[in-house]
Amino acid sequence: MHPIPLIADIDTDEHQLWLESLNRVLPDQQVVASEAIDDKQAESIEFAIVANPTPAELRRFPNLKWVQSLWAGVEKMVSMAELAEIPIVRMKDPELARIMAEAVLTWTLYLHRQIPTYQRQQAQHTWKQHIYLPPSQKRVGVLGTGKLGRAAIATLLTSGFNVSAWSRSPKQIDRVDHFAGSDGLDRMLPHCDILIALLPLTAETHNLMDEHKLSRLKPGASIINFARAPIFDYDALCRKLDEGHLDHAVLDVFNQEPLPDKSPLWSHPAVSVLPHISGPTDIGSASLIVQQNVQRYLQHGTLPDAVDYRRGY
Ligand code: NAP
């Protein structure tokens, strides 16, 4: 029996938690830190569990047939020559979708109930009540209708919001105005009070929300970015906030993480900075997903759907 390497450049404590959890759900296997496998044995390893793997460590495993990612976002791996386009199985965990949908609802309500405005007023000792509009008079736009987008849409609908959604291919989603393509996005944006990004970062989505697209948004709209920073032009976003065209931005992802101390985003009055916490992977439920995928492969030689390198997700 070959060990299963965990090729992961992550915090030591987190690394240990993953090893314990994966070995608990795969008691007949031996999941080990990749560094514990010598170069000779590494050549015979067929599959690995990966999280933010370094190219150097991947190079020691030249005969991998597939990798199981512990994360949902795999944009860095898609462009790694060391993987030579072998199947990357992304983390698709219903619990992750639930956690993300919870975050979407939390921060949508934060904007909907004007909490940034009331926090500003408190700092200025200002007692002023603003008009309340119910969710039925607000429209939330969701970019991406994949595992996370669908869960977010369901939660928003249950809470009474009108929902528009945008994705690459045309779709019919019950009670949702769906749009596709660049023209479709241009048509959707002017109607959104809140725009939420739940897209993968690919060549096509890079800088998608540039100055032009941000200008298309309804005046006074707000942004929630729970996907990846480069999908937005944050400089253009700050200009739109400064001009008053946009009201507020909740940002969970940044071009450099941790966000550098000198970043103006920290103190921008119309930006809420979150330290990449919208969709944390649940180690317990994600380990069970890994277990199912690994056991299916060992017993039947079959793999779950893998990332399409051409599309980038
Ligand atoms: P998914 O199931 O693969 O869904 C991706 C969605 O994006 C699909 O609806 C797809 O359209 C759409 N899309 C892709 N490229 C597009 C394009 N060029 N134009 C329009 N739509 C496009 O992915 P997921 O599991 O929902 O995850 C989405 C992303 O969330 C991940 O890639 C990751 O970056 C991010 N994420 C962030 C956190 C966090 O903590 N901040 C946590 C987890 C994940 P089709 O339906 O037409 O294919």
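Predicted model: local features only at pLDDT ≥ 70, side-chain atom pairs only at ≥ 80, totals over all residues.
Residues are numbered from 1 along each chain as its sequence is written, and side-chain values use heavy atoms, with hydrogens and water left out.

**Around the ligand**

- Lys-171 puts a polar side-chain atom 2.5 Å from a ligand oxygen, and Tyr-313 has one 2.6 Å from an oxygen of the ligand.
- Glu-204 goes for nitrogen instead: a polar side-chain atom of Glu-204 sits 3.0 Å from a nitrogen atom of the ligand.
- On its own the ligand has 940 Å² of accessible area (Shrake-Rupley method, 1.4 Å probe), and the protein covers 92% of that.

**The seven-strand sheet**

- Seven strands (DSSP runs of E, at least two residues) form an open sheet in the order E8-E7-E6-E9-E10-E11-E12, with parallel pairing (at least two DSSP bridges between two strands).
- Strand E8 (176–180) and strand E12 (271–273) are the edges with a single partner strand each, so one side of each has no neighbour in the sheet.
- From one strand to the next, the twist averages 15 degrees (axes are lines fitted to C-alpha atoms, and angles run from 0 to 180 degrees between N-to-C directions).
- Four bridges link the parallel strands E9 (residues 194–197) and E10 (residues 221–225), and Ile-194 has Ser-222 as its bridge partner in E10.

**The five-strand sheet**

- Another open sheet has five strands in the order E2-E1-E3-E4-E5, again with parallel pairing.
- Its edges are strand E2 (31–33) and strand E5 (88–89), each with a single partner strand, so one side of each is left without a neighbour in the sheet.
- Helix H1 (residues 12–25; a helix is a DSSP run of H or I, at least four residues) packs on this sheet, touching (heavy atoms within 4.5 Å) strand E1 (4–8), E2 and strand E3 (47–51).
- Strand E4 (residues 66–69) and E5 run parallel and share two bridges, with Gln-68 opposite Val-89 in E5.

Notes: Polar contact = N/O pair within 3.5 Å; in protein donor to acceptor, adjacent residues only side chain to side chain.
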